Amino acid sequence: MFNSYIKRSYSLLVSFFLIFVISTSSYAGVAVPDVDPADAAAVAKAKTGMDLFKANCTACHAIDRKVIGPALADVWDKWDTEENLIAWVKNSQAVIKSGHAHANKIYEEYNKMPMPAFPTLSDEQVKDVFLYMKAAEKGFDPSNPGGKKETADAAGGATTEGADSGKSNTTLILVGLFAVLAILGAVLFNITSKLSKIAKVAQGESLDAIEAVEAASKKALVKKLGVVAVIIAAVLLLFNIGNGAINLGRSQGYKPEQPIRFSHALHVGQNKIECQYCHTGVEKSRHASIPGTQICMNCHKYVQEGPKYGKDEIKKIYDYSGWDPDKGAFVKAPKNIEWVQIHNLPDHVYFNHSQHVKVGKIECQTCHGKIEEMETVEQFAPLSMGWCINCHRETKVQFADNNYYSVFEKYHDEIKKGKRAGVTVEDIGGTECQKCHY
Amino acid sequence: MKQLSYITILSFIILTSACIRNSKNPGREYMPDMVHSTAYEAGSVNPIFKDGKTNQLPPKGSVAQGKYIYPYDNTIEGYEASVANKNPFTFTKDEVDNQGQHLYKINCAICHGDKGDGQGHLVEIGKFPPPPTYLSGVLLTLPEGKRYHTVMYGKGLMGSYASQLDHRERWLVLEYVKTLQGDAGASAPATDSTSTAAK
């Protein structure tokens with residue numbers, strides 16, 4: 001059936017071609033009318049075209065840029081007749097075989113990568129798609145013919161940003177206010193003390209005597225202040241020494257600059273990409289694993305510009321992976337990205353991601369903090385032994401529906417009989433030394 | 001003079017306490033030779049290998065035990081030939097519904113959508129163009145071998161999932177895609193009715 005269809009469209013094409021050759025010696029081009037936003041019927045057709053376009057074409061085409069296939073905005077002048085262009089959409093291979101010059105040129109230009117045939121589309125449907133393409137070129141959105149802008153996303157982004165800058169603004173205002181008040185206070189104090197001095201002189205006291213008393217009280221005050229300062233200094237010093245000693249070898253809050261300013265806030269927070277999409281090892285091995293550029297390129301072959309750093313940071317991925325966005329191909333050998341390691345567990349401690357994530361079903365955020373809000377990743381946990389042990393003491397193991405723990409029959413029995421509320425990691429040996437040190 | 005020395009000591013202490021935590025600096029450590037592995041770790045730089053990585057691919061031509069070799073080439077002809085490829089696993093319903101769905105949610109739903117309608121989150125927020133829906137048209141009846149070929153090598157705007165999913169996981173996630181497609185997917189045909197190249 002399919003073959004007969006092709007034969008039919010093939011002969012149709014040949015006749016179109018002949019008619020074209022015979023009837024026109026001038027180059028016609030494809031004329032597609034613009035959509036009048038007031039014309040409900042035309043808008044509805046363009047809307048149908050939009051749905052078809054999104055379902056069938058966007059995987060390879062965009063209007064204004066080359067993706068897998070060419071940009072579609074300037075297709076109108078390159079084709080001779082609408083009939084031929086429709087025939088191409090429905091079955092490009094047949095048009096190529098018919099010897100159509102432009103069809104063959106495009107086919108060669110794109111390394112003989114065939115465009116899939118769309119035999120199920122009717123001529124009318126293809127025309128609707130054209131209508132939409134033409135409208136989209138002009139920035140017209142048929143699902144929103146009034147042209148009202150209600151991009152929820154942009155609005156959402158703006159409000160969160162506004163809230164952020166609002167917060168820092170208020171602190172600034174508060175600090176400023178405080179400074180002004182302090183200066184005002186000092187000035188007032190100065191004035192009152194001068195005034196009282198003048199009043200006392202006016203009452204007949206000698207200026208020297210007043211100043212002598214003042215100097216004495218000042219001296220006493222300085223001495224008192226000095227003692228307080230020494231006490232504060234000693235406390236601070238002790239605190240610093242203690243704190244410094246505890247923090248030796250811990251890097252909580254470490255937030256180094258990375259070779260690419262990759263934002264988890266964007267990829268996890270806004271785009272909602274699962275952690276495991278990139279950290280593929282996390283459920284299978286000891287390491288969560290840092291993704292290679294091929295995983296970046298799953299999306300960034302298409303996404304060439306980010307919302308914050310524009311093209312700069314994404315271009316770095318292209319440099320590392322050897323991708324040429326103009327040619328749409330890998331042209332150079334990939335280079336290693338030397339990410340700066342943030343979390344470093346001492347060599348004498350064994351830690352396994354899959355044990356915690358896959359078996360224990362612990363959320364990544366438990367140890368890594370609100371990664372979905374971090375523009376630059378920092379170490380959230382102290383990674384100290386006390387921190388590990390505390391968690392092992394407090395955390396209830398997910399015993400229910402977890403085959404991994406089926407061997408603990410006694411505990412399962414006790415839970416069933418109601419003798420036991422739950423099992424902590426400590427109960428199954430999670431605080432034994434050799435669990436982590438061996 | 002005395003006051004001055006108090007003030008210097010105080011400001012010195014306050015300053016040093018501010019210095020101790022600097023987010024650009026991992027901090028000090030004692031006995032670094034017990035902290036840092038002398039052996040090379042999986043992700044670390046390695047001067048012994050030419051490419052500077054500790055993680056190495058197996059030497060060309062060698063195959064790890066139990067490792068699957070995909071017999072079709074990453075070419076248009078390979079794609080057409082992959083029609084003959086069949087799922088060698090039999091998965092239980094439980095495996096497909098749980099593990100399969102889990103893998104799908106992680107790797108595919110972001111573009112293809114939870115329901116497979118091509119309306120994943122990236123599409124909804126306008127960052128990625130919609131992929132074709134699984135639920136109608138060409139993909140509904142696409143042979144499973146071709147689906148596997150696409151997950152293996154990528155196709156058009158979709159990247160390869162060879163590094164993210166292993167042989168079993170690829171078939172498992174595709175089996176879940178079939179359940180999204182309902183009855184039509186369950187019998188994803190082996191014969192090819194959707195050839196791109198007209199013969």
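# Salt bridges, an interface and a nonpolar patch

Asp51(A) is partly exposed, with 40% relative accessible area. The bands are these: buried means under 20% relative accessible area, exposed means over 50%, and partly exposed lies in between (1.4 Å probe, protein chains only). The structure is a predicted model, in which local features need pLDDT of at least 70 and side-chain atom pairs count only at pLDDT 80 or more, while totals for chains, interfaces and linings use all residues. Residues are numbered from 1 along each chain as its sequence is written, chains are lettered from A and ligands numbered from 1 in the order in which they are written, and side-chain values use heavy atoms, with hydrogens and water left out.

## Salt bridges

Over all chains, the structure holds 20 salt bridges. Each needs a side-chain nitrogen of Lys or Arg within 4 Å of a carboxyl oxygen of Asp or Glu.

| Salt bridge | N to O distance |
|---|---|
| Lys47(A) and Asp51(A) | 3.2 Å |
| Glu169(B) and Lys284(A) | 3.2 Å |
| Lys178(B) and Glu144(B) | 2.5 Å |

Take the pair in chain A. Lys47(A) and Asp51(A) are 4 residues apart in helix H2 of chain A, so about one helical turn separates them. Helices are DSSP runs of H or I with at least four residues, strands are runs of E with at least two, and both are numbered from the N terminus. Lys47(A) is partly exposed at 30% relative accessible area.

Now the pair in chain B. Glu144(B) lies in helix H7 (residues 144–153). Its relative accessible area is 10%, so Glu144(B) counts as buried. Lys178(B) is buried as well, also at 10%. The salt bridge between Lys178(B) and Glu144(B) spans 2.5 Å, N to O. Lys178(B) sits in helix H8 of chain B and Glu144(B) in helix H7, so the bridge ties together parts that are 34 residues apart in sequence. Salt bridges with shared partners also join Lys410(A), Glu414(A), Arg420(A) and Asp427(A) into one network.

## Where chain A meets chain B

How many residues does each chain bring to the contact? Chain A gives 64 and chain B gives 54. Contact means heavy atoms within 4.5 Å. The two chains bury about 5,100 Å² between them, with 59% of it on carbon and sulfur atoms. Buried area is the accessible area (1.4 Å probe) that two parts lose on being put together, summed over both. Tyr277(A), Asn298(A) and Asp347(A) supply 11% of the area that chain A buries against chain B, more than any other three residues.

Between chain A and chain B the count is 1 salt bridge. It joins Lys284(A) to Glu169(B), with the closest N and O atoms 3.2 Å apart.

Several helices of chain A each supply at least two residues of the side that touches chain B, among them helix H1 (2–23), helix H2 (40–56) and helix H9 (207–247). H9(A) gives the largest share of that side, 10 residues.

## Chain B as a whole

Chain B has 9 helices and 0 strands. Of its 199 residues, 37% are buried. Among contacts between residues at least 6 apart in sequence, 54% join residues at least 24 apart. Chain B exposes about 11,700 Å², and carbon and sulfur atoms supply 60% of it. Accessible areas come from the Shrake-Rupley method with a 1.4 Å probe; for residues, only the protein chains shown count as cover.

Chain A carries a nonpolar surface patch with about 790 Å² of accessible area together; its residues include Leu181(A), Val187(A), Ile191(A) and Ile198(A). Patches are made of residues with over 30% relative accessible area and no salt bridge, like charges being joined within 9 Å and nonpolar side chains (Val, Leu, Ile, Met, Phe, Trp, Tyr) within 5 Å. Ile191(A) is placed in helix H8 (residues 152–202) of chain A. At 42% relative accessibility, Ile191(A) is partly exposed.

Most residues other than glycine have a negative phi. Ser289(A) has a positive phi, near 70 degrees. Ser289(A) lies in the loop between H11 and H12 of chain A and is partly exposed at 28%. Leu383(A) has a positive phi near 55 degrees. Its place is the loop between helix H15 (364–368) and helix H16 (385–394) of chain A. Leu383(A) is partly exposed at 22%.
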